[in-house]
Amino acid sequence: MPEDCVYFCFLFSKFIWRSIIIKRFISLFLVAALIFSLQTISLADYNIPMENRDPDRYFLEVDQTNQVVTAYEKDEKGEFTKIARQMICSTGVQEKPTPTGTYKMGSMKERFGYFVFFNVWAQYWSQVVRGVYFHSILYSRKDPKTLQWHSYRNLGRRASHGCIRLLVEDARWIYYNCPAGTEIHLFFGERNRELTKSLLPPPRDQYDPGEDPNPDPIYAKAFVKTKYATLRTGFGKDDYAIKSLPKGTEVEVIQYGIPHMKVSDGRRLGYVKATEIAMSEFEMTHTAAIDKTAYVTAKVPTGIYQRNRLRGDPLGTLNIGDEAVVLERGRTVHKIKLGAVEGYVKISDIDLYEKHSGKYGAVKGENARIYNSPGIGVSSEFPDDGERLEILKEADANGYLQVVYNFNPMYINIRDFVPDDPNEKIFVRAN
């Protein structure tokens, strides 16, 4: 009897031990699956009830001569010849032109968004390339009753700052039917006044854009994961810094994209670099980033002031040859730390630089692209031919080299890059 009890206890303990192992295995599997799903789901699609998620279903053309957008779908031979929809539009004026060329649409979308730079609103944003979007005609506030009728009357002629304005229902169709990766061709074609005239909108008192049955999207929470993130009015050459967001700041992601995101900290709205944002607190505290500390040295001896208005007696002086760490970047002043002194200096009096590998090369070709990850995602950064970039890491087996672009670690294919040193090892062969 005692032997039976001992044997029974042995079997029971063995069963419990195996159960614990199985539970731990299942838990680890579920955690891994969750992390994988978070990494692979596009937040742009996750928050939007897309009617079509296939980027190869439609092909878009923007005829800037006739101000017409045409969506094609495939015929029986698999070629884009069937017209699915034609839409009147307004592209960029001569001073702020809409680009030409062929692109794959970016992932940044917004249901009813605010133009920080222009102080106006529009519905149904869908990114074409960089800061160029399809969107509706304009509004004075986030209220469908505040439609700006001059933007309605201007449809059929060039009138925008570079984006492609559409009737609300047409912008809505692209928003729900053209996901990231949809190919778009922008060009100037032959004049066809009858086509433009046939698509002009009805008189103002007869216009009804219809209703959207879908609820407003729920914005994802995220966190600043770098020492600071600079909130800007956009990511073009004419845009400027609004404020700095310190590490750990919680934000709402209004537009999710690579390499930029549109976010709100609850007070101000603007754009930050995607590499500065973590989509979870775990990522914020466990991401190993490269040292992106910025430094300044003076062009001329300049004062360091307590406040950003640069008034009163300076706390100290930044002399030529001194090296100070940049704590915050701004539009006209930077906050720096020189020894024990922290304060603000005038941007025009200083040189800003970063410390990295010291190995450089140049972009080769007008079609080169910059990526947030090696070969992953839709690129919306197009460096200039001949632009010099600093090398961070050797290329992987697929040929993607890590470089510094706009103060961030990014990737470029080695076919689009020429190192300064022809003997520089930039490619890692596959095993």
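Modeller: Start with a definition: a residue is buried when its relative accessible area is under 20%, exposed when over 50%, and partly exposed in between. Keep in mind that this is a predicted model.

Colleague: Why is Tyr124 called buried?

Modeller: Tyr124 has a relative accessible area of 1%. The cut-off is under 20%. Therefore Tyr124 is buried. Tyr124 lies in strand E6, residues 120-129.

Colleague: What makes the phi of Tyr124 worth a remark?

Modeller: Most residues other than glycine have a negative phi. Tyr124 is not a glycine, yet its phi is positive, about 55°. Arg130 also has a positive phi, near 50°. Arg130 sits in the loop between E6 and strand E7 (132-136).

Colleague: Is Arg130 buried, exposed or partly exposed?

Modeller: Its relative accessible area is 31%. That falls between 20% and 50%, so Arg130 is partly exposed.

Colleague: How many aromatic pairs are there?

Modeller: The structure holds 15.

Colleague: Why is the pair of Tyr114 and Trp121 called tilted?

Modeller: Their ring centres are 5.0 Å apart. Pairing needs centres within 6.5 Å, so they pair. Their planes stand at 50°. Stacked is under 30 degrees and edge-to-face is over 60, so this pair is tilted.

Colleague: How do you know that Phe117 and Tyr240 link distant parts of the chain?

Modeller: They are 123 residues apart. Phe117 is in the loop between strand E5 (109-115) and E6. Tyr240 is in the loop between strand E12 (228-232) and strand E13 (241-246). Phe117 and Tyr240 belong to one aromatic cluster, along with Phe115, Phe118, Trp125 and Tyr133.

Key. Residues are numbered from 1 along each chain as its sequence is written. This is a predicted model: local features need pLDDT of at least 70, side-chain atom pairs count only at pLDDT 80 or more; totals for chains, interfaces and linings use all residues. Side-chain values use heavy atoms; hydrogens and water are left out. Helices (H or I, at least four residues) and strands (E, at least two) are DSSP runs, numbered from the N terminus. Buried means under 20% relative accessible area, exposed over 50%, partly exposed in between (1.4 Å probe, protein chains only). Rings of Phe, Tyr and Trp (its six-membered ring) pair if their centres lie within 6.5 Å; planes under 30 degrees apart count as stacked, over 60 as edge-to-face and the rest as tilted.
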